[in-house]
Amino acid sequence: MNKDLNYPLLIAKSRIAGKGAFAKSLIPAKKKLGNMGGEIISYREAQKRVRQQPHNVLYMVEFDNEPIALDASVNVNALRHINHSCDPNTFMRRAYRKVEFYTLRTIRKGEELTCDYGETHHEGTLPCRCGAASCRGFI
Ligand SMILES: [Zn+2]
């Protein structure tokens with residue numbers, strides 16, 4: 001198992017978008033799933049990498065209080081595949097140069113993991129397909 005993961009996850013086709021991350025076994029509520037794999041780089045380097053990637057395949061996570069970003073397109077692990085949902089079962093915490101994921105509730109075996117990413121670089125223009133009753137419609 002990947003050293004950044006505390007629970008075994010499966011990457012498989014998602015009903016929400018592309019590939020998703022699924023629980024291989026039951027995961028209790030309020031547990032740390034692990035750290036998103038990637039490389040911590042300066043915000044300036046992040047902007048440079050985004051410019052050099054015409055196909056928008058990069059996955060950057062920015063931090064609020066430091067001019068750094070996590071480039072999650074390198075050292076990829078299953079947490080990279082957690083899809084957005086407006087009614088998520090995990091949340092992401094950015095702290096101390098780590099991007100951590102925690103469960104909000106008990107996750108059943110085979111259930112897809114989801115996270116509310118809030119405002120994304122799509123700036124509310126991308127239709128949301130999460131299917132939740134409380135879906136905001138756009139992300
Ligand atoms: Zn939604």
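The following dialogue examines how several terms apply to this predicted model.

Trainee: Why are Phe91 and Tyr102 called an aromatic pair?

Mentor: Their ring centres lie 5.5 Å apart, and rings pair if their centres lie within 6.5 Å; therefore Phe91 and Tyr102 qualify. The structure holds one aromatic pair.

Trainee: What makes this pair stacked?

Mentor: The planes of Phe91 and Tyr102 are 20 degrees apart. Planes under 30 degrees apart count as stacked, so the term applies here.

Trainee: Where in the chain do the two partners lie?

Mentor: Phe91 belongs to strand 8 (residues 90-95), and Tyr102 belongs to strand 9 (residues 98-103). The two residues are eleven residues apart, and the pair links distant parts of the chain.

Trainee: Why is Tyr102 called buried, and why is Phe91 called partly exposed?

Mentor: Tyr102 has a relative accessible area of 19%; buried means under 20%, so Tyr102 is buried. Phe91 has a relative accessible area of 35%. This value falls between 20% and 50%, so Phe91 is partly exposed.

Trainee: Which residues lie nearest the centre of the second largest pocket?

Mentor: Arg15, Ile16, Glu112, Thr114 and Cys130 do, among 15 lining residues. The pocket holds about 240 Å³ of space.

Trainee: How does the lining of that pocket divide by residue type?

Mentor: The lining comprises four nonpolar, five polar and six charged residues. Ile16 and Cys130 line the pocket, and Ile and Cys count as nonpolar; Arg15 and Glu112 also line the pocket, and Arg and Glu count as charged.

Definitions and conventions. Residues numbered from 1 in each chain as written. Predicted model: local features only at pLDDT ≥ 70, side-chain atom pairs only at ≥ 80, totals over all residues. Heavy atoms only, no water. 1 Å grid on protein atoms, 1.4 Å probe; cavity = no way out; pocket = protein on both sides within 12 Å on 5 of 7 lines; lining within 4 Å. Points joined across faces, edges and corners; volume = space filled by probe spheres on them. Phe/Tyr/Trp six-rings, centres within 6.5 Å; stacked < 30°, edge-to-face > 60°. Helix = DSSP H or I, 4+ residues; strand = E, 2+ residues; numbered from the N terminus. Buried < 20%, exposed > 50% of the residue type's maximum accessible area, 1.4 Å probe, protein only.
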